[in-house]
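The exercises below concern backbone geometry, helix packing and nonpolar cores. Work through each one with the structure open, then compare with the solution.

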Amino acid sequence: MNNLREIGVSLIFVLCIGQAQASVISNNTSYNKVIKTQTALPRETSMPKYLESINQQCMDYIQGNISWLAAPASNKTWATVNLRKLCAGATDSYVPGKCFKYVLHGQKKWDKQKKHKLDWRDGLALCAGARQFSRIEKCFKTKISIGKSVRESALGCNQKYFDKKDAIVRANTGSVSQNFCSYPSAQALMRSCPSQAQIQKIRSDFNISFDNDLVNNNVLTSWNCTEGGDESSIMLTMYNTYRLAQCIPFDRDFRWASGHDNLYDWLKSVNIRNVNYFWADSDTDYSHANGTRRVIALRGNNLGSEIYRSVINPRSGVGAIHALILLVHEAAHISQNKSHNCDSTKDSSLFYMGAWGVQYYLNKMLAYSTGDYFSEYEKRNFASEAQRVRDIRICDTNNN
Ligand SMILES: [Zn+2]
């Protein structure tokens, strides 16, 4: 369980990293090397296989299972034309049905009053092609609470509304957070591959380099990726780290950085001068950061492992999300320029908001503030990881 140790026990803030930097190959060199190996990347336009049958699965899930009549909820036989409308554009088999059920049959959840009239048309207006359920749900509930009618709320909070809103934000700010994130879940994102545009964006936003020793030890080799495939490599893990950062939809600002609710944008704002992946010769060559020089060094030895093609590999309990958590931990050292101030490997308190505090809150938010982007298994894992960090990495557990 080397990787677990890498994530948990061995994150140490080292002030001097001269040695790790010594054998960095220039960013340009490694970048050219990488681009040459990417001919096997699929075109972005090809529809991932797992999406092909989603439309049918979406309809199968609703037909015979969810009543289109609000009350009594007794008619589960749908007209095909309405079913088609509800599922068109879905990227997750269950989201449109789940959304419809929420509006028509989960009336307590959005605080339905007597004055609210609704029927299946309202469910259709809100839920047709729904992809981002947590966003739709939050918007609908808010509109109802400020006195809008069901129909107004439905039309003001559907997927079309959010897609339009995102397009405007993109046009005005050039923000990347939505561009590459059409996947309904972290698992779906991990089954897909980075597009060439995304790769170029990541490499231009961050100065990423690789030690020659990774090549010498056969860790950094040519790589490829197919949609739904199981290839793994240090390069794919690295790109997926940043892709997860771009796409995890937090529903509130970070506790450690108000005004930020997107990890990629926050990482950019930290102004990291270099993220270098190195080959560790010994177990005690830990990943580390230098807050003064604003550089991060990440252990690359195991990052090519197949476990990193999953969000969390159930057999090892480790996956790509941990590469991101580690990156955030090290970036936190730089953003706050704080070292571990208790026994040299721990933080004094959560209030201190050092890298362990950030890691604690990140895990909490992954578990409780990301809607249904992560699976229940993944969320349980984040919740217990948060507790573990608090238990063993924070000296004063009474001090919040
Ligand atoms: Zn640390």
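**Exercise 1.** Is N218 buried or exposed?

Solution. This is a predicted model, in which local features need pLDDT of at least 70, side-chain atom pairs count only at pLDDT 80 or more, and totals for chains, interfaces and linings use all residues. Residues are numbered from 1 along each chain as its sequence is written.

Step 1: apply the cut-offs, with C-beta atoms placed from the backbone: 20 or more other C-beta atoms within 10 Å make a residue buried, 12 or fewer exposed, and counts in between partly exposed. Step 2: N218 has 8 other C-beta atoms within 10 Å and is therefore exposed. Step 3: locate N218, which sits in the loop between α14 (212–216) and α15 (234–247); helices here are DSSP runs of H or I with at least four residues, numbered from the N terminus.

**Exercise 2.** Which backbone values stand out at N218, at D111 and between A71 and P72?

Solution. Step 1: most residues other than glycine have a negative phi, and most peptide bonds are trans. Step 2: N218, not a glycine, has a positive phi of about 60°. Step 3: D111 is not a glycine either, and its phi is positive at about 60°. D111 belongs to the loop between α7 and α8 and counts as exposed, with 10 C-beta neighbours inside 10 Å. Step 4: the peptide bond joining A71 and P72 is cis, with omega about -5°; P72 is in the loop between α5 (54–62) and α6 (80–87).

**Exercise 3.** At what angle do α7 and α8 pack?

Solution. Step 2: for α7 (residues 95–105) and α8 (residues 120–127) the angle is about 135°, and the axes are 9 Å apart. Step 3: classify the angle: under 35 degrees is roughly parallel, over 145 roughly antiparallel, 65 to 115 roughly perpendicular, and the rest oblique. The pair α7 and α8 is therefore oblique.

**Exercise 4.** Which residues have the most contacts inside the largest nonpolar core?

Solution. Step 1: a nonpolar core is a set of buried Ala, Val, Leu, Ile, Met, Phe, Trp, Tyr and Cys residues joined through C-beta atoms within 7 Å. Step 2: the largest such core has 75 residues, and L244, L324 and V328 have the most contacts inside it. Step 3: helix α17 (residues 320–336) supplies the largest share of this core, 11 residues.

Note on methods:
Axes fitted to C-alpha atoms, helices over the stretch in contact; angles between N-to-C directions. Helix = DSSP H or I, 4+ residues; strand = E, 2+ residues; numbered from the N terminus.
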